[in-house]
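Here is a short briefing to read beside the sequence and the model. Points are grouped by topic.

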Amino acid sequence: MYGLCGCCWALRPRYKRLVDNIFPEDPEDGLVKANMEKLTFFALSAPEKLDRIAAYLSERLTRDLHRHRYGYVVIAVEALEQLLSACHCQSINLLVESFLSTLRLLLESERPHLHVLATDAFVKFANIEEDTPSYHRSYDFFVSRFSQMCHSRHEELQTQNQIRVSGIRGLQGVVRKTVDNELHVNIWEPRHMEQIVPALLVNLQHNESTHSGSPAEQTEVCFRELLGRAAYGHITNAIRPVLMHLDIHCLWEGSSFAVRCFQIIMYSIQSQHSHLVVQQLLGHLDANSRSSASVRAGIVEVLSEAAVIGATGSIGPTVLEVFNTLLRQLRQSVDYELTGFYDNAGKHQTSASEERTLQDAVIRTIGSFAHTLPIYQRSEVMLFIMGKIPVPGIYPDLGSPNAGFEGSRMIQVMLLKSLLQVSWHYESSNLLTALPCSFLEPLLCFTLMEDPEIRLLVLSILTSLMDRRHNREKLQISVEFDVSVLELKDNDCSRPDNLFMRKNAPSLYRHIFLAFKEESNGRDHYHALFALLAVVLLELASEEVVVDLIRLGLALQEQAMSNQEGLSMFNCCGIQAVCAAFFSLLCQLGPPPALGTYVTQVVESRRRKALYLLPESVFSDAPCVPEGELKAEPCCLFIQSEIAEALTGSSYGAHDDRLNSPYTPQLTDEDRLSRRKSVGDVISLQMDLNPETRPDSLQKPKTEQITFETLKNAIEDAGGAEEMQRRREVTERFQTAPFEEIAALCGAKTLLQSGLQQIFDLLIRPPPSPSGPPAPRSIPVYDIQFPDLCVY
């Protein structure tokens, strides 16, 4: 009977006849549309027949495929597409299975145009929203096959690009079909991501052309869509294959492609997930700490781009982690530079230039990321970096144990450069919070280092932190400088700024004064010192500050003329030149015109008689300095009495007493601070300032040490028979004597109190202070807190 039906066309089932009618005699005529409409109507009327229709279409397609009748294959695929688009019912799942098996058959063929045909059909299917979920459908084959198509190596370039574009579009269809349906296969599993992501990156890497329809353009669209659909738990699985691909193909070196990849990633994922990408990069940087400098530099550059983009989203929890990792890379790079190898075995060599390139990249990354942070976080970062600076002899564990003095110095320079990057264009309305004592005091101590590079960096950092109007770049060390190019403040010095100067001005002035006296100062140091003085004048100037700066300038001039430190002639002339430029700037910023007239007269006198005292001459490419001792006529110097007279009659006249007293830093500061050899010596300043607290004094104390025996003897001495008899008498008096007699009794010291008094004198000593030992109290604290009567 079945054989008879096969021979007699009229006896065949209706769905088969309808299917056969859609195929024309000549395949070039295409699908018979009228008959296709009849087939569609029948399928909609009898949905239970859909599986049979699809199976028969698949059977015909297979037969035509084996017979190389590709025209009929195209017609069969088109018919299946139209049935899929028209049928939205529960039975569509049966139709889908036959449809997908047909596409698998086409993708397994060797004809490129059939691969393209199957991909187009799959993309159309992926865009159909199904009403019912599927619990058993698998897309593993399509992920694998489309990924292979993305790696096509066809001989003809046009065909190769066509196959690759089809593979990319197929992967895009798989993502769209599966990513939003939890019942489908989990496309975010590592086994799928390890196929999809490298396939996309290969086309993004080898196809520079981004015209419409090119593999690179299609890849970027697909990659962005994939990442845009990634949820919180999927980011790691999507990023790990990217890192592996860049490692395997050595794409970190040069880093242009790696940067482009992560720019796409950071701009495609949801902003609240940005910190996950940064964490992945930080972990990868640590994992490659034993890789070559070029690889580490590439990862750092990518991290810089990712961190800056991610800073606009949610990246707060990883702020200090970013800086901690980068600072650790700096210290490791210094170690590698000193040893010449970037592995413990000593097999892989590295050069100083490569490590310096890495260090510069790390420092730029620290700066670029810090500039995206709010002010309060930048303050925390600066304190964090300051705490990481190694101090020889005090915090040796912060540096490398094998680095030695040179290694510690190099780490200090790198961390200070990082600190400079963080402080660049730092804007804070309250310097008390921006420069707390825990940060400012150690920073000022670095201005006394013997290393000129460290001093220059610290001066630049101080200037950047105070320069809230960004005038530093506009300043020029010249007596002809015009302040009209500067951005001046409109109002008086604010209350927080006044409090900051009252608290820190003495220490700031002292360190500036001592920084001028360093023999190793060069032209850059004097430029930096002038910039610091100018920024203090522009940002924090009040009448008291202006008077103190005048006193400081006069003291510097006197120091250069007397030359008690034995400075070179260039240093003496450099100090005089800075003073001239500073007074020229000062007279344009508010003091009475009489001061400006006097400063102009002194400058003109120097032009005629002592050109070597002006910055234009001293700081030129060919400095003009005299030989022998520095001498100058009184008319070429700034005289304190003349300045005081010029300020008479103005509001500055109220500070005549202060102006007439010359500025002199503390003698102990001048002797001990100006010749520090290391940071350890500088930090130990507080111990050195007080002679009683020096190490030799501590080893040989002038007073008796408090021991257990001392306390024991005091109690035993107080416990004799006489003392016990006296206590009984005191008790009896308290019970029977009048109040006046009891009050007189309490005024006398007992033996126990005398012993304790001696012990308290040994225990209670004021702590060492940079300003010297404090004045002794007239009444001990314990006498105030614990009166005699309470001893009983």
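R69 counts as partly exposed, because its relative accessibility is 33%. The model is a predicted one. R69 forms a salt bridge with D64, and D64 is buried.

**The R69 and D64 pair**
- The closest N and O atoms of R69 and D64 are 3.8 Å apart.
- The cut-off for a salt bridge is 4 Å between a side-chain nitrogen of Lys or Arg and a carboxyl oxygen of Asp or Glu, so the pair qualifies.
- D64 has a relative accessible area of 1%, so D64 counts as buried.
- R69, at 33%, is partly exposed.

**R328 and D286**
- R328 and D286 also meet through their side chains in a salt bridge, at 2.9 Å from N to O.
- R328 has a relative accessible area of 26%, so R328 is partly exposed.
- D286 is partly exposed as well, because its relative accessibility is 30%.

**E539 and R468**
- E539 and R468 form a salt bridge, with 3.4 Å between the closest N and O atoms.
- The two residues are 71 residues apart, and their pairing links distant parts of the chain.
- E539 belongs to helix α24 (residues 523-540).
- R468 lies in the loop between α22 (452-466) and α23 (495-516).
- Both partners, E539 and R468, are buried.

**Salt bridges overall**
- One network takes in E406, R409, K417, D451 and E453, joined by salt bridges that share partners.
- Across the whole structure, a search finds 27 salt bridges.

**A negative patch**
- Which residues gather in a patch of negative charge on the surface? They are E25, D26, E28 and D29.
- D26 is found in the loop between α2 (14-21) and α3 (33-45).
- D26 has 33% relative accessibility, so D26 counts as partly exposed.

**Helix α2**
- The buried residues of α2 are Y15, L18, V19 and D20.
- Their cover includes α3 and α4 (50-66).

- S379 is placed in helix α18 (residues 375-388).
- Is S379 buried or exposed? S379 counts as buried, because its relative accessibility is 13% and the cut-off is under 20%.
- Beyond neighbours within four places in sequence, S379 is in contact with Y426, T433 and A434.
- S379 and A434 are 55 residues apart along the chain, yet their C-alpha atoms are separated by 6.1 Å.

**The protein as a whole**
- The protein has 39 helices and zero strands.
- It holds 792 residues, and 51% of them count as buried.
- Among contacts with a separation of 6 or more, 73% are between residues 24 or more positions apart.
- The accessible surface comes to about 37,700 Å².
- Carbon and sulfur atoms account for 52% of that surface.

Definitions and conventions:
Residues numbered from 1 in each chain as written. Predicted model: local features only at pLDDT ≥ 70, side-chain atom pairs only at ≥ 80, totals over all residues. Heavy atoms only, no water. Patch = residues over 30% accessible without salt bridge, like charges linked within 9 Å, V, L, I, M, F, W, Y side chains within 5 Å. Areas by Shrake-Rupley, 256 points an atom, 1.4 Å probe, with all protein chains shown as cover. Lys, Arg positive; Asp, Glu negative; His and termini not counted. Charge placed at Lys NZ, Arg CZ, Asp CG, Glu CD. Helix = DSSP H or I, 4+ residues; strand = E, 2+ residues; numbered from the N terminus. Buried < 20%, exposed > 50% of the residue type's maximum accessible area, 1.4 Å probe, protein only. Contact = heavy atoms within 4.5 Å.
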